[in-house]
Amino acid sequence: MSTQFQIHKDTIDQVSQRADIVDIVSERVVLRKSGANFRGACPFHNGTNATALTVNPSRQMYHCFNCGAAGGAVKFLMEIDKRSFSDVVVDLAKRYNVPIQTVEPEKAKEIQRQISHHDRLYEVMALTTSFYQHALYAHQGKAALAYLLEKRRMSKETIQKFQLGYAPAGWETLMGYLVQQKQIPVSLVEQAGLIVPRKTGHGFYDRFRDRLMIPIHDSRGRVIAFGGRSLGDEEPKYLNSPETELFSKGTVLFGMDKARDSISKQDRAIVVEGYFDAIALHQAGIEQAIATMGVALNADQMKQLLRYTDSKNVILNFDADKAGISAAEKAIAGFKELVYNGTVQLRVLTIPDGKDADEYLKQHSADAYNHLIQDAPLFLDWLLKQTLAGQDLNKAGTLQKLSQAFVQLLDRLPSGSTLRDHYIHTSAQSLSQGDSYLSLRLEEDIRRQLRNNRWNSTKTAPSITTTTNTLHCAETQLLQIYLHFPEHRAYIYSLIEREDIDFSLSNHRYLWQTILELMENKKTSLAPEEPSPNHLTQQLQILCAEKEEVAHQLNHLLWLDENSRIGILRPQMVIRTAIAQIQYIMSDKREKYWLELFKSKDVVADPAFGYHCQEKIQEEKRRKIEIKKLIEVNYLDLSGTGDSSGENNIIEF
């Protein structure tokens, strides 16, 4: 409900001081550390540039360099949720425990009553947790305690840490305790999701009976719901609290309050399916584990999780017997876009012999589990391997069927990305079983199918110059390889000089000019290798970190994430293709220049000039056709299968 009142300035000031802009924005946007700031994709114009939005924690401000959106925490929430100033301030005041004052005192009392209502719900949940904990160690909880100690092999410290308990078997045991002994109103207990109205319409009964109770906490460690496991044959085996004012299962990750510090320290998160898998991992000292709430992860949950890992490294550890491609796809359905665009470095851990994490740790050490984590493949690698599993590649028709299956997977990757190039090559190699000639044919076939998919979806053949994305990608690839693959620097420099290529984008021009100045200052030729190959890159990282205004634009060039590194593992091919793409765009610009010049002059009065313009236009058209063939039709010619030493591999146009 929208608030209709004027909030006192003191409350606004306190909210502004306590609200953390990084905390607020990272709930809606995946942010990466960039020097003293954070960067991410802007949510206000659906941008795909993962560096457009800058969040400055020292100034408590955000700013998008593309659409110009800017402001503090309050404005961010107002803009993204389309809510009023008062509504946002009241919510933030509740979140940060700021007393709410209004210009009209009676309005403040109403708001305080709403806050008090939530506080009372938290109090009911805390009392219930203590009640269940006490019952676990009473005579009636003997079987539940034995289950935890003997079957689950949990220590008493772990039981206490997770506040595990037992719900007695009686129909009104908890209700009697809360309503009769603690004088809690029945309506409040019902709103907390702890009791259920009888079908007769008279009275209530306990929702959880004779169950092992697992409290579910919010990020601040407050109990907001319960998961109850049956100790016998009662169905369902797991019963969760209903959605309440405190609890929404689509926004909560079990164990996050206990895992977030470890996730930040280890720079990775482990996602498991069950409560006990997460608890077992914590007991083993692997405290980065959290569990889903019986539903597929959604984008909001994933963004919440990614707040705590700089590299956005997430390991999905679901039961192998429930795995397979369909289960994995279902698990990531809610945040698939974050996986395929490379925002999430998602890995899949399949434990041998179909075990879950809890079972595995009963027979193996925490070190053994950590080794499995280290070897866990990236999601797409795992998916491709699963597609190949059990297939006879020597059987007629199998190659074509698998090739089509791979195309369906790779078509989800951004068109023209180095990541897609990498997986096209990997897929062809996997299918060819070491036959290099067959691998080339399969790679060409996969590329052709992907092109056809793109053309069929748009009804027109793709144009390299429809947007600036191609130019941005090509220049980015050249600079990334130059900085991180020193052995190719001389080759790149010679191509840029020979083809008279200028970097068109301002941040790329700035970086290239800085590189040239550094090399000039050292009085060192660009061609020979430096004493320390990484010295140049390290110098640039330090220089740009000191210049806040350019750091956010160059971070993706100076530091490579895993997807970028994978995408340029075949640098020779990437260099040649990037140069060709830039040449195409340069040629297109020249053609337009001569065409505009032809239209602007009186060629009847000066036919020689008209002929000259037409010759230039036709020359550029022919040049574009040749380059386009290299890029779109005969891409394998750019793979650098011959000598990779440099000068002999320069493309002649």
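This is a predicted model: local features need pLDDT of at least 70, side-chain atom pairs count only at pLDDT 80 or more; totals for chains, interfaces and linings use all residues.

Modeller: Residues are numbered from 1 along each chain as its sequence is written, and side-chain values use heavy atoms, with hydrogens and water left out.

Now the interior. By nonpolar core I mean a set of buried Ala, Val, Leu, Ile, Met, Phe, Trp, Tyr and Cys residues joined through side-chain atoms within 4.5 Å. Buried is under 20% relative accessible area, exposed is over 50%, and partly exposed is in between (1.4 Å probe, protein chains only). The largest such core has 66 residues, and the ones with the most contacts inside it are Leu148, Leu178, Leu194, Phe254, Ile270, Leu281 and Tyr369. Helix H5 (residues 105-136) gives this core its largest share, nine residues. Helices (H or I, at least four residues) and strands (E, at least two) are DSSP runs, by the way, numbered from the N terminus. Another core, of 47 residues, lies apart from that one, with Ala259, Leu306, Leu393 and Leu409 among its members.

Let's zoom in on Leu178. Leaving aside residues up to four places away in sequence, Leu178 touches Val124, Leu127, Thr128, Gln183, Ile184, Val189 and Leu194, a contact being heavy atoms within 4.5 Å.

On to the backbone. Glutamate 235 and proline 236 are joined by a cis peptide bond, with omega about 0°; proline 236 sits in the loop between strand S10 (223-230) and strand S11 (238-240). Lysine 82 lies in the loop between helix H3 (73-81) and helix H4 (85-95), and with a relative accessible area of 69% it's exposed. Glutamine 163 also has a positive phi near 55° in a residue other than glycine. You'll find glutamine 163 between helix H7 (156-161) and strand S6 (165-167), again in a loop, and at 25% relative accessible area it's partly exposed.

Finally, the cysteines. With a disulfide taken as a pair of cysteine sulfur atoms within 2.5 Å, the count comes to zero. For cysteine 42, the closest cysteine sulfur is in cysteine 64, and that's 3.6 Å away, so it's too far for a bond. Cysteine 42 is buried, at 3% relative accessibility, whereas cysteine 473 is partly exposed, at 22% relative accessible area.
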